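Open the model in a viewer and keep the selection panel at hand. The tour goes from one selection to the next and says what is there.

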Amino acid sequence: MIPERLVNWIVFAGLLAVPLWAIVVDEPFTITLVTRAVILAIAAVGLNIALGIGGLVSLGHAVFFGIGGYAMGILAYHAQTYTSLDLLGMSLAGTKSMPIIWLVAVVMSALAAWIIGLLSLRTSGVYFIMITLAFGQMFYYFAISWSTYGGEDGLSIYVRNGFPGLNTLVPIQFFGLCFVLLCIVLFLNARLQNAPFGLALNAARQVPTRVETVGLNPMRLKLVAFVISGAVTGLAGALFADLNRFVSPTMFSWQLSGELIVLIIIGGVGRLYGPVVGACLFLALEHWLGALTEFWHVYLGLILLAIVLFARGGIIGLLTGKEGAHV
Amino acid sequence: MSTLLIIEQVLNGLQFGVMLFLMAAGLTLIFGVMGLINLAHGSLYMIGAFAAAAVAGATGSFVLALAAALAVAAIAGALIEMTVIRRLYGKAHLDQVLATFALILIFSEGTRWLFGSFPLFLDIPDYLSGPVTLPGGIQYPLYRLTLIAVGLLVGLGLWALIERTRIGIQIRAGENDREMIAALGVDIRLLYTLVFAIGAALAGLAGALVGAIQSVQVGMGEPVLILAFVVIVIGGIGSIKGAFIGALLVGLTDTLGGIFLPELFKLFMEPGAATQTGSALASMAIYILMSLVLIWRPTGLFGARA
């Protein structure tokens, strides 16, 4: 059995080595593929805060991914058409600057997570899964009928947004940016997990009554976790939209919410690197199996089924021989 | 806005509602008895539709097609219960969501592999096509009227099965205390397979019936599945009565909302903006309804347990 720390370092090194190798052999597509994995990993790390530590099975995290995506889409759309964004009587200019877009994406998705969490956390168990799913559908249908920003067709952004000092159109530079963000998010997650807040949240998942007895409010802990989780997933949404230079209502689809959960389960629930391993494996499967057969979802389904039935701790659990957190 | 149009839309809403009830009844029964969230219920709906389309294409008989839909969906349901679902009872909801999500992937791609990506068509038989004149001079498609009748009859049959038969007593007992009923000599595994197969057959029937007015294609099950979930969550998970009332509420809200909300907004907005706002709100209406119900009653209208 391999220690978890070693597994984490190998994944970290691999994630950095593959794009560098791709530069050497001049395969820009591989860099884009790994960038996609990194961005999905950020989204899944976000979900893992709510799901893995807090035990909140949200089947609606695509909401935040989509809000992040549309934050980028709307701001960049106004910048590229030189129109102003009229909001609550204010006339704002669009922007092509990534840091501003990220800030807006994080704030907007945190706000959405706060409202959705406030309403959804009144329920628990299956009802929580279903109400988050319903909020996801609500945003999905809203985006489809929002014809100002493309409706069902979505919005295309012609040039990738800029970051001071970098040329984001060069694949490896954009990868570097996403990778640094993943590192920051992982670092925050690790700190959070071991901070008093994380420990209390962990306890609130396992025995809510005891947490309440010692004078903490499990509801508030879960709400804060849900907001942080939504904000991180929103940031990933903005990056994902920038990677594709395109946003559409599919970013709000419930399949995407399902896939984010799948990433976490493949890697290992409640583990720091679980979502990262899951995202890499998922894209590797999509790439290799997708090249072999058009019907690769069948195999993905079988693998997923095998993991749920026989390998409860995901890939990391399999490698380290520990089952990990139960949700 | 004439009375005729309103009555026609109410009938459309009812038709949509009873079809949702066929789906939701199986889902809620499976959750109530086995405590399982089954995302793959939409796949059984799709399997029923494909079985019906294939048999109707081969034999030309609509009745045989419906029988095939019932049988194939029930068999598929029993098979997945015995191979996969059985291992998920008593596991965390997260595991159930994931495993049945995996089943969706397998069934969707498997069907695409068998039948191709193009939609199939299932025709309404001659004796059920064409309009009928209802009292008051309303012209309404006979087939849709038949769907309402079938849905109500199945609902009645399900009620009789659960309230009036020996198997129904066992199912209700299994809901309350599975260990006690097993100790009393009821084969609980067989009972579970049976409940799952009944739910699957109802989903398959709904798929075949709706397949005749829409196209039969891969992925047709998931939108209906989500609506069925909305229905059982509104009604309270595990309650057949709740599923029935929830289904009618959702069916009517969705159909009437699409027609009347844009009209309503036209009263105080300019027509273009009113149509847009109204239809946007209409497409979200049932989810708003569900959130309101859950905020008011966190376990649904008739739900007992979470």
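This is a predicted model: local features need pLDDT of at least 70, side-chain atom pairs count only at pLDDT 80 or more; totals for chains, interfaces and linings use all residues.

The mean pLDDT of chain A is 89, and 98% of its residues reach 70 or more. Within chain A, select strand β2 (residues 90–93), where confidence is lowest at a mean of 75, and then α9(A), where it is highest at 95.

Next, show chain A and chain B together. Here 38 residues of chain A are in contact with 39 residues of chain B. On the side of chain A that touches chain B, the elements giving two or more residues are α5 (126–145), α10 (254–267) and α12 (296–310) of chain A. Select α5(A) among these: the largest share of that side, 12 residues, comes from this helix. Colouring the touching side of chain A by residue class gives 27 nonpolar, 10 polar and 1 charged.

Now turn to the largest nonpolar core, which has 211 residues. Which residues touch the most other members of this core? They are A:I42, B:A52 and B:V230. Centre the view on A:I42 and hide its neighbours within four places in sequence; the contacts of A:I42 are then A:L181, A:L182, A:V185, A:V232, A:L235, A:A236 and A:L239.

Move to chain B and select residues 131–134 and 138–141, which are strands β1 and β2 of that chain. The two strands run antiparallel and are joined by 4 bridges. One facing pair to display is B:T133 with B:Q139, the latter in β2(B). Between the strands of this hairpin there are 3 residues. In the hairpin, B:G136 takes a positive phi near 100°.

Return to chain A for two loop residues. Select A:D26, in the loop between α1 (4–24) and α2 (28–53) of chain A. A:D26 is not a glycine, yet its phi is positive, at about 55°. Is A:D26 buried or exposed? A:D26 counts as exposed because it has 7 C-beta neighbours inside 10 Å, and a residue with 12 or fewer is classed that way.

With 17 other C-beta atoms within 10 Å, A:R245 is partly exposed.

Methods: Residues are numbered from 1 along each chain as its sequence is written. Chains are lettered from A and ligands numbered from 1 in the order in which they are written. Two residues are in contact if their C-beta atoms, placed from the backbone, lie within 7 Å. Ala, Val, Leu, Ile, Met, Phe, Trp, Tyr, Cys and Pro count as nonpolar, Asp, Glu, Lys and Arg as charged, and the others, Gly among them, as polar. A residue is buried if 20 or more other C-beta atoms lie within 10 Å of its own, exposed if 12 or fewer, and partly exposed in between; C-beta atoms are placed from the backbone. pLDDT is the predictor's confidence in each residue, from 0 to 100. Two strands pair if DSSP finds at least two bridges between them. A nonpolar core is a set of buried Ala, Val, Leu, Ile, Met, Phe, Trp, Tyr and Cys residues joined through C-beta atoms within 7 Å.
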